[in-house]
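I opened the model to look up its aromatic contacts. My notes follow.

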Amino acid sequence: MFAKILVVDDEPSIVDVLTRFLTREGYSVVTAANGREALERVQQEPPDLILLDVTMPELDGFSVCQRLKEDERTALIPITMLTGLDDREHRTRGIESGADDFLTKPFEQSILRARIRSQLRLKRLTDQLEHTEKVIFMLAAAVEAKDAYTEGHLRRLRAYSEHLALAYGLAPSEVRAVRYGGILHDIGKIGVDEAIIRKPGPLTPEETAQMRRHPEIGAQIISQMRFARDVQPIILAHHEYWDGSGYPRGLKDEEIPVGARIITIVDAYDAMTTDRPYRAALSDDEAIRRLKAARGTQFDPDMLDVFLDLIASGQLQPERIRAEVLHDGEL
C-alpha cells in the first residue's frame, strides 16, 4: 500500500513540483492550498506524512501544526515544515509548534527523498507501537473480566479520574496520562492468581504479597507504550498512601506522582460504591464519609477536597456515570 502524503502550500508552483516528485517516487499525494483546507483534508483521510508550508494566509503553518499535535487523533502524524533558506526564526517557532522535521526551499531531490523516507519509517514504527497499545488495552479489559464484580470499573475510573485531573488544573498531556492510568492501573493483575483476585474473604500473608506485586508487573507490561514515561509512575504508585503506609515503595506526600494520587482517590471511591465479593455497595454518603476519614492519611487532603467539591457541586455525577457505563463497552 502506497504511503499517503499531504502537501500544503499556497504557491501552486511548489505544490506542482512536490506532487510530480512524490508521484514519481511512488507515493499517493493529497494537496491543500491553505491551512484550513489542510485541517479538513486530515480529518477526511489522515495521511502518513504532512509537508506543511510555514507562510500561508488565514491560518499559517505553525497554527496548523499546533492544532494537529494537540489533537490525540492526529498528534502522531509526522509533520515536515517547509521553510526558507536559513530561516532560524521559523525553525524555532516550528519546533515550539511540534514539527518533526524541516525542509529548506528550494528542494534538493536527494535530501527531499531521504528526509521523507526517514519520516515514513518513523510513522511505521509509531503504527506498530499503536498496535501494541491496543493489545495492552485489550489485556486490561481481560483483567477486568476475570472478576464479575469489577465490570465497568475501568470505564468509571476513566471518567472520574479525568474529571478530577481537569478540576485540579493539570495540563492536557497530564490529563491524558491520568486517563490512561485509570484504564491501565490494575493491568498487572494479569500476573496474579485468579483465585486470589476472586477470593471473597481476607487474603493470607502469602496471597497479600502476591497481590501487592501487581503495580510493578503493570508498570513493566506498559513499558513499550509511547506514553510509558508518563503513565508508568501512575501505575507503579497507585497504592501509595499520603502518610507513607502504602506500597510498593512507601512513598509519602508529594513524593507520590500527582496522577497516582488521583487514581488512589477515585479507585477507592469506585470500590466502595460498587458490589464486591465481601460486601454490597456502600451508599454515596457512606463512601464520602469514609473518604473524609482517610483524608491526610490515605489520600492527598487538598486533592480529596477537590474531588468531594466536584460531587457536592454536581459537576461530577457518579450515578449518571455508573448508568452510562452500563451502555458503554468502549475503553
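I took buried to mean under 20% relative accessible area, exposed over 50%, and partly exposed in between (1.4 Å probe, protein chains only). The model is predicted, so I kept its limits: local features need pLDDT of at least 70, side-chain atom pairs count only at pLDDT 80 or more, and totals for chains, interfaces and linings use all residues. Residues are numbered from 1 along each chain as its sequence is written, and side-chain values use heavy atoms, with hydrogens and water left out.

Burial came next. F307 counts as buried because its relative accessibility is 0%. Y269 is buried at 0% relative accessibility too.

Then I checked ring pairs. Rings of Phe, Tyr and Trp (its six-membered ring) pair if their centres lie within 6.5 Å; planes under 30 degrees apart are stacked, over 60 edge-to-face, the rest tilted. I found three aromatic pairs by this rule. Y160 and Y269 are edge-to-face, because their ring centres are 5.6 Å apart and their planes stand at 75°.

I placed that pair on the helices (DSSP runs of H or I, at least four residues, numbered from the N terminus). Y160 is in helix 6 (residues 153-167) and Y269 in helix 12 (residues 258-272), so the pair ties together parts 109 residues apart in sequence.

Y269 also pairs edge-to-face with F307, at 5.4 Å centre to centre and 75° between the planes. F307 lies in helix 14 (residues 301-313) and Y269 in helix 12, so this pair ties together parts 38 residues apart in sequence. I noted Y160, Y269 and F307 as a cluster linked by ring pairs.

Terms used. Helices (H or I, at least four residues) and strands (E, at least two) are DSSP runs, numbered from the N terminus.
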